[in-house]
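Colleague: Could you walk me through a few spots in this model? I have some questions ready.

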Amino acid sequence: MSEFSPRIVGFLCNWCSYAGADLAGLSRLEYPTNIRIIRVMCSGRVDPAFIIEAFKEGADGVLVAGCHLPSDCHYIAGNFKANRRVALLKRVLEQFGIDPERLRIEWVSASEGQKFAMVVTKMVEDLKKLGPSPIRPGGGDGV
Amino acid sequence: MNQEAEKPRVGVYICGCGLNIAGVVDVKEVAEYAATLPDVAVARSYVYMCSEPGQALIRNDIHDMKINRVVVGSCSPHMHEPTYRRLVEEEGLNRYIFEMANLREQVSWCHAHHHREATEKAKDLIRMAVAKARLLQPLEKREVEVEARGLVVGGGVAGLRAALDIAERGFQACVVERSPFIGGRATQLNRVILTDQDALDVVGPLIDQAEENRNVTIYTNSELEEVGGYIGNFEASITQKPRYVSPKCTACGKCAEVCPVEVPDQFNIGLTKRKAIYMPYRGAIPPIYAVDDAACTRCGECVKVCEPNAIDLSGKPHDIKVRAGTIIVASGFDPLLPDGLYGFGRYGNVITQFQLERMLSKTYPAGEDVYNPFADESPKNVVFILCAGSRNEERPYCSRICCTVALKNAKLIKETSPESRVSIAYRDVRVFGKRQEEYYEEARRTGIALFRYLSERPPLVEGESPDGRLSVSIDDPTLGREVKISADLVVLAEPMLARADSAELAAKLGISRTADNFFREAHPKLRPLDTPTDGVFLAGVAQGPKDIAESIIQGSGAAARATIPISKGRVEIEPIIAQVDVDLCGGCKICESLCEYGAISVEEDEAGKMRAKVTEAACKGCGVCGAACPTKAITMLHFTNDQVMAQVRAALREEVAR
């Protein structure tokens, strides 16, 4: 069996984090290929239902990335809302047997290509340690 | 054309970007894969999709193959989304039926050594883009009329230049200035850098022109309280505080002579005192004295001596409403008062550079009780310390102008009093821009001494008494030893700070700030005059430290940007907004409480039910409301739940099936 390769869905805000991911590429910074990025206008757009759907579909991890707290948000305070929702959702996920570590929220500005590459690299490393999502066919945290 | 009713026919176009993408991703394989996806009518790869022949492939397919959804897999949408949106629009489709997959910045450039994985990732991203494209809906263009007036916040050089430019184009400009006098910080300066002209001679004509221009309305002593509306139709609420002195004032100054109240004069950065009724300097504009409301005791002495009967202490603040199509923020800066740094605050003869500007200015008051070492022309021993309070952990930014300003002041002191000894302790001498390097050489030739210091070993300023001689020790790494200078005066080149209330102003205008608290531009390179909020522009130091010339440039630039929608008369706004399905809405008001723009409110409908309603023109399309709506009554156009969910599933499902 080949090495476990986690699948990550990333919700990135258009203004900071998506641009930060672009900068990582522009700077030719290499990071693992595991993430699939979905662009949203604001991290505050990320409905917890999107995240749940990703886990339901077998994602090993979900990343929400937005503009830095407190004041970088293009829409004033969408990042605060995302932060609150993710914090709550982590608790809900835990009750369903999904390690809250699988859901991450990070603040990546448009000038932080390096940080974006590091966030993905670290997340892939951590997910490898955690193993496949319990929801994924063949996965098992014992659920 | 009603694309809605048609079955989706997706065209997928994979760009090689020369070898930028094709060198890593097997673009042919990705195109072949794309052709197998549901509703994909055609999939092609090409070396440069954004080139004329590349665009022609898409144009032809729209006509020949009746493509009604277009997916391009190429660079970041931040690069070419506008290009392709324009293309599909030119071919008669709605621009919002276009979707992009980022195969360059987010695939080939960051996975250059993993060709197989990169190709698989590209396929996934294309599958996700197609999944979204199948569900894309044409969106209606939105247009609003534009009020032919620009509102300028701040009456300093940047704001006045902007207002004049708007006015000279034939539109109305309205300036809101907090202080009772216009001209801003520039009127406090002594001489300007590079030309060494008197600052008032430089900015005086600008102030006069703004004051005299019929298209410019200036509200002094006024605060911007609130801004509602959106591009084209902003409505500003302004409170004008009473001046208590009418234009009948002849500026004779008798009122100030009899006024018994003395307060620190902020125009002189607290170095002197002024009366409660005052004019910061002779010739200030408007040439009308003003009463400092907070300091005045209403004793009435001034009223008694005023010959033209210009003073009335019963004035009340009044509210002004201004409608404006666009807004320019030129609210300026505050100079740092670096308390505790290098003995500032402890020794009276440690001053800031801004205070030095005042002391050297011809409008600085004379008198026995006024501290001014330059009142006589005897030789002085002056040490400048640069980067005093900037380029450190608390304020990592460079204030940009202080090096050149210090050189200017050092040069002026040497020119007036060649016997003076002037030293500059610097970390780096950052002279930049046109003629500044030459200016640096000129200044050096006057015989000033420069000593370098390192940030980890800043100079040490010690004094024997609060006003006595100072000793400055500089550990110069170039000389490899410590230099000890005896000084009559130490001048700290302090940084410019964002205004203390910049967060409040940002909130009023719906704009944001960078880490240094200055206002954030929409893009640091491509849109330096715009803010992320449509119709709000930036000028002057409010956006970041700059000199007078740069502030004027930015004032003119912001005015040019701000008059584009005004001169067109109508402006198109993004149709990516929230929509409410009233049948699903339960009137819970969660959306209303979350919206930062007041764009969604819950109101009673004709049937007496509480329903959310979107003020379309105010909605910025962030989607915060949509994510929170418990009944899913809110649709975020172009980022609908269905569209995002389809992307999520497409991201994961293929691999699950495999």
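This is a predicted model: local features need pLDDT of at least 70, side-chain atom pairs count only at pLDDT 80 or more; totals for chains, interfaces and linings use all residues.

Colleague: Leaving aside neighbours within four places in sequence, which residues is Ala65(A) in contact with?

Modeller: Residues are numbered from 1 along each chain as its sequence is written, while chains are lettered from A and ligands numbered from 1 in the order in which they are written. Contact means that C-beta atoms, placed from the backbone, lie within 7 Å. On that basis the partners of Ala65(A) are Gly10(A), Leu12(A), Cys13(A), Ser17(A), Ser43(A), Glu106(A) and Val108(A).

Colleague: Is Ala65(A) buried or exposed?

Modeller: A residue is buried if 20 or more other C-beta atoms lie within 10 Å of its own, exposed if 12 or fewer, and partly exposed in between, with C-beta atoms placed from the backbone. Ala65(A) has 28 other C-beta atoms within 10 Å, so Ala65(A) is buried.

Colleague: Which residues of helix α1 of chain B are buried, and why are they on the same side of α1(B)?

Modeller: Helices (H or I, at least four residues) and strands (E, at least two) are DSSP runs, numbered from the N terminus. In α1(B), residues 27-34, the buried ones are Val27(B), Val30(B), Ala31(B), Tyr33(B) and Ala34(B). They share a side of α1(B) because they cover an arc, taken from the directions from the helix axis to the C-beta atoms, of only 160°.

Colleague: How many residues does the contact take from each chain?

Modeller: The contact takes 40 residues from chain A and 44 residues from chain B.

Terms used
Two residues are in contact if their C-beta atoms, placed from the backbone, lie within 7 Å.
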